[in-house]
Amino acid sequence: MERNGIAGTPDMIHTVTLVPGDGIGPEVIGSAQRVLDAAGAPIHWEERHLGSGSDGDGDPLPSATLDSIRRNGVALKGPIATGTTGARSPNVGLRRALDMFVQMRPARSMPGAGSADVDLVVVRETTEDLYRGIEVSAGTREAEHLASWLVAEGLDDGLGPNTAFSIKPASARAVRRALEFTLTWMRREQRRRLTVVHKATVMRATDGIYLDVVADVAGSATDIEVDSCQIDGACAELVRHPQRFDVMFMPNMYGDIVSDVTAALTGGVGTAPGANHGDSVSVFEAVHGTAPLHAGRDEANPLAMIRSGVMLLEHLGERDVAHRIDVAIARLLAARSCLTYDLLGTTVGAAHTSEVTQELIDLL
Ligand code: NAD
């Protein structure tokens, strides 16, 4: 396989790291694995663990898992639980350890799921911004020091006591790297319009870099139309005219939030897939998290994870198998006879995860 790549040779068996994850992860990953296998995907799965499901000494980012993903270049990953306190998110840690710098979350209308005519991709840079994890807690010596330094440098006229900080770094290098990856992908997928989403009217120093880099790198492109939209306007436009967007490129945190909106437009997080890319590895995962209240109940929607598997297959150059699964999903949604509770809007008559899985296999 060519690294990031795309396109293996015909008859190639791809080794893919499979990470079940936490909560509903093992159920939806198991479903995706069954559907890809039934569709004839030439994949050998190598199961490894992350998060609370990790083996051994409880390390949430075991080196055996990182090594497996580095070696194979690709993984299909279930969601990992993250708390609001304590250690940094294993998801952020994974992206950093594998130097995955860009994330793509497509949102496409399908019959019976969400509003019509949406076919867009939310792309976010994933190494910087507020999700970098530079957090300074209120009441610490560091927070007091930072507050005083801001006043001493004339950057602020005095914050109140016990102020906390989350720091938003941005660099032209990181934005350029994510943008260049995106443009290469757009040309391959024949996507023609790039909208940079920002709030540079307020955050000139950081979001302003997005406007500058896009103008510099893509401004003179003749094959890609480039425009920009402020984040608040973009959210309003997504509600009113989502068809206006094709590829939306933005900083890390906006992308996380906007992709939940675009998922909701097209069936909800239960159907929304995604991919994280670096120069030499790609990790495919659903937009949703561990949905702990639904874990172990055979009721989670497996479609987001299966569609992440479809993205994985496309990335590996296995487009025929990917297309067959896509068609089966479209038929399943159109029939509306075997849908999980989230798509039905009620638990009455809702199908189980295992039933949706079997129905898709039958449709294949
Ligand atoms: P969540 O996506 O897990 O759940 C939000 C709601 O969406 C749930 O209550 C559920 O009703 C619904 N939902 C989600 N997935 C579904 C599915 N497949 N089928 C049907 N309904 C589904 O978000 P959360 O509750 O904010 O997060 C729970 C945990 O997951 C947290 O620890 C969070 O940090 C983690 N998380 C991990 C990832 C990841 O690993 N990539 C992503 C998001 C959240």
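1. A crossing of two helices is called left-handed if the near helix is turned anticlockwise from the far one by less than a right angle, and right-handed if it is turned clockwise. The helix pairs below are described with these words. The model is a predicted one.

2. Helix 5 covers residues 172-189 and helix 6 covers residues 207-218. Their axes lie 10 Å apart and form an angle of about 45°, so helix 5 and helix 6 are oblique to each other. By the definition above, helix 5 and helix 6 cross in the right-handed sense.

3. Helix 9, residues 303-315, packs with helix 10 at an angle of about 155°, and 8 Å separates the two axes. Angles over 145 degrees count as roughly antiparallel, and helix 9 and helix 10 are therefore roughly antiparallel to each other. The crossing in this pair, helix 9 with helix 10, is left-handed.

4. Helix 10, residues 319-335, also packs with helix 12, residues 353-363. Here the axes are 9 Å apart and the angle is about 120°, which makes helix 10 oblique to helix 12. Helix 10 passes helix 12 in a right-handed crossing, whereas the crossing of helix 9 and helix 10 is left-handed.

5. The ligand is surrounded by 21 residues, of which I80, T82, G289, A291 and Y341 are the closest. By class, this shell is made up of 10 nonpolar, eight polar and three charged residues.

6. A nitrogen atom of the ligand has a backbone N or O atom of N301 at 2.8 Å. As for cover, the ligand taken alone exposes 810 Å², and the protein buries 68% of that area.

Technical notes. Residues numbered from 1 in each chain as written. Predicted model: local features only at pLDDT ≥ 70, side-chain atom pairs only at ≥ 80, totals over all residues. Heavy atoms only, no water. Near = heavy atom within 4 Å. Polar contact = N/O pair within 3.5 Å; in protein donor to acceptor, adjacent residues only side chain to side chain. Areas by Shrake-Rupley, 256 points an atom, 1.4 Å probe, with all protein chains shown as cover. Nonpolar A, V, L, I, M, F, W, Y, C, P; charged D, E, K, R; others polar. Axes fitted to C-alpha atoms, helices over the stretch in contact; angles between N-to-C directions. Helix = DSSP H or I, 4+ residues; strand = E, 2+ residues; numbered from the N terminus. Parallel < 35°, antiparallel > 145°, perpendicular 65-115°, else oblique.
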